[in-house]
Every structure is written in C-alpha cells, then in structure tokens.
Amino acid sequence: MLAGILSVARRNNPRDDITGALICRHDLYLQLIEGPAPAIDALYSRIQADDRHFDVRLLLEEPMGVRLFPGWAMLDDEAPSLFWSAQDVEAGALETARPDELRAPFVRLSKARPAGIG
Ligand SMILES: Cc1cc2nc3c(=O)[nH]c(=O)nc-3n(C[C@H](O)[C@H](O)[C@H](O)COP(=O)(O)O)c2cc1C
C-alpha cells in the first residue's frame with residue numbers, strides 16, 4: 001500500500017512543485033508537505049478523501065522560506081525514531097506538541113538524507 005502511495009506521490013508532486021517527507025509507523029503516517037499553497041491545498045483535499053487512512057489531522061501550517069526536502073518528491077522513512085510512543089499518539093500528544101517538536105523529526109530526517117531521487 002505504501003509503495004502505491006509513494007509511486008503516485010512521485011508522479012504528481014514534481015508536477016505540482018511539491019516536496020516533502022512521509023514518516024510511516026504502524027500507528028500513524030506523519031507527513032510534511034512543502035510547496036505553493038494552492039497546490040498543497042489541492043493535495044491535502046485528495047489526501048483527506050483517501051480511504052487508505054482515517055482520522056487525518058492538520059497539525060501545523062506555516063510559511064517556509066527554505067524547503068527541508070528540496071531534493072525529494074516525497075521521501076519515505078519507515079524506521080522513524082519518533083519522540084512519541086504509540087500510547088502518546090493515542091492520548092493526543094501530537095495535538096498538544098509545540099511547532100518545534102513537530103518539526104524536529106523532519107529536521108533530523110532532512111539532515112540524515114539530504115538529497116535523493118524519491
Ligand atoms: C498518507 C498518504 C500520503 C499521501 N501523499 C501523497 C502525496 O504526497 N502526493 C500525492 O499526489 N498523493 C498522495 N497521496 C495519495 C492521494 O490521497 C491520492 O490518492 C492521489 O493524490 C490521487 O492522485 P491521482 O488523481 O493522480 O490518481 C497520499 C495518500 C496517503 C494515504
């Protein structure tokens with residue numbers, strides 16, 4: 001299923017000037033999407049309507065001068081070292097996390113994998 005999502009993302013995102021990263025864990029997808037606002041809005045609407053997941057939440061929306069993942073149509077990371085346990089997530093930890101805490105796993109990931117073809 002993940003392969004299917006990534007294959008579509010890697011086809012559509014370069015077309016839409018979108019880059020980002022998708023962190024996958026058994027209990028959640030945590031995705032950072034960067035690009036022009038209208039393109040992000042359109043993508044977010046498609047993602048919300050996608051029945052391969054449920055309970056989609058927008059955790060943080062902010063202007064970014066510089067992209068974290070300029071070389072990635074959609075980087076995927078399936079072995080994330082997230083700060084939050086599955087129990088934390090279940091209890092709503094992502095909703096109460098500060099912006100810098102939400103950014104942190106992506107900042108780490110962008111440093112670990114600076115450029116790619118995905
Ligand atoms: C967790 C998740 C992340 C996704 N990320 C993207 C993405 O970055 N780009 C994208 O085009 N579709 C993404 N999708 C798929 C969209 O929901 C949708 O199926 C797709 O954009 C439809 O593209 P199409 O109209 O070209 O078939 C994602 C889906 C899920 C479940």
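Author: Let's start at the ligand. Helix H1 (2-15), strand S2 (28-34) and helix H2 (37-48) each supply at least two residues of the shell around the ligand. Helices (H or I, at least four residues) and strands (E, at least two) are DSSP runs, numbered from the N terminus. Before going on, please keep in mind that this is a predicted model: local features need pLDDT of at least 70, side-chain atom pairs count only at pLDDT 80 or more, and totals for chains, interfaces and linings use all residues. Residue numbers run from 1 along each chain as its sequence is written.

How many residues surround the ligand? There are 15, and the closest are Ala-9, Asn-12, Tyr-29, Arg-46 and Asp-50. A residue is near a molecule or strand when its C-beta atom, placed from the backbone, lies within 6 Å of it. H1 gives the most to this shell, with 5 residues.

Now let's visit the contributors in turn. In helix H1 you will find Ala-3. Ala-3 is exposed, since 8 other C-beta atoms lie within 10 Å. The cut-offs are these: a residue is buried if 20 or more other C-beta atoms lie within 10 Å of its own, exposed if 12 or fewer, and partly exposed in between, with C-beta atoms placed from the backbone. Ala-3 and Asp-76 are 73 residues apart along the chain, and their C-alpha atoms are separated by 9.7 Å.

The loop between H1 and S1 holds Asp-17. Asp-17 has a positive phi of about 60° although it is not a glycine. With 11 C-beta neighbours inside 10 Å, Asp-17 counts as exposed.

Next comes S2, together with its partner. S1 and S2 pair in the antiparallel sense over 7 bridges; two strands pair if DSSP finds at least two bridges between them. A hairpin of 2 residues joins S1 to S2. Across this pairing, Ile-23 stands opposite Leu-30 in S2. Cys-24, in turn, faces Tyr-29 in S2, and Tyr-29 is one of the closest residues to the ligand. S1 also pairs with S3 in the parallel sense, over 3 bridges. There, the bridge partner of Leu-22 is Asp-76 in S3. Is S1 enclosed or in the open? Of its 7 residues, 5 are buried, so S1 is largely enclosed by the rest of the structure.

Of the 12 residues of H2, the number buried is 0, so H2 lies largely in the open. Its length also checks out: at 1.5 Å a residue, H2 should span 16 Å, and its end C-alpha atoms are 16 Å apart, which agrees. The expected span is 1.5 Å times one less than the number of residues in the helix. In the loop between H2 and S3 sits Asp-55. Asp-55 has a positive phi of about 60° although it is not a glycine, and it is exposed, with 5 other C-beta atoms within 10 Å.

Finally, follow the strands to helix H5. What covers the buried residues of H5 includes strand S1 (19-25), strand S2 (28-34) and strand S3 (75-77), where contact means that C-beta atoms, placed from the backbone, lie within 7 Å. Which residues of H5 are buried? They are Phe-106, Leu-109 and Ser-110. H5 bends by about 30° at Pro-105, the bend being the angle between axes fitted to the seven residues ending there and the seven starting there. Val-107, also found in H5, is exposed, with 12 other C-beta atoms within 10 Å. Val-107 and Leu-68 are 39 residues apart in sequence and 7.0 Å apart in space, C-alpha to C-alpha.

Terms used
Two residues are in contact if their C-beta atoms, placed from the backbone, lie within 7 Å.
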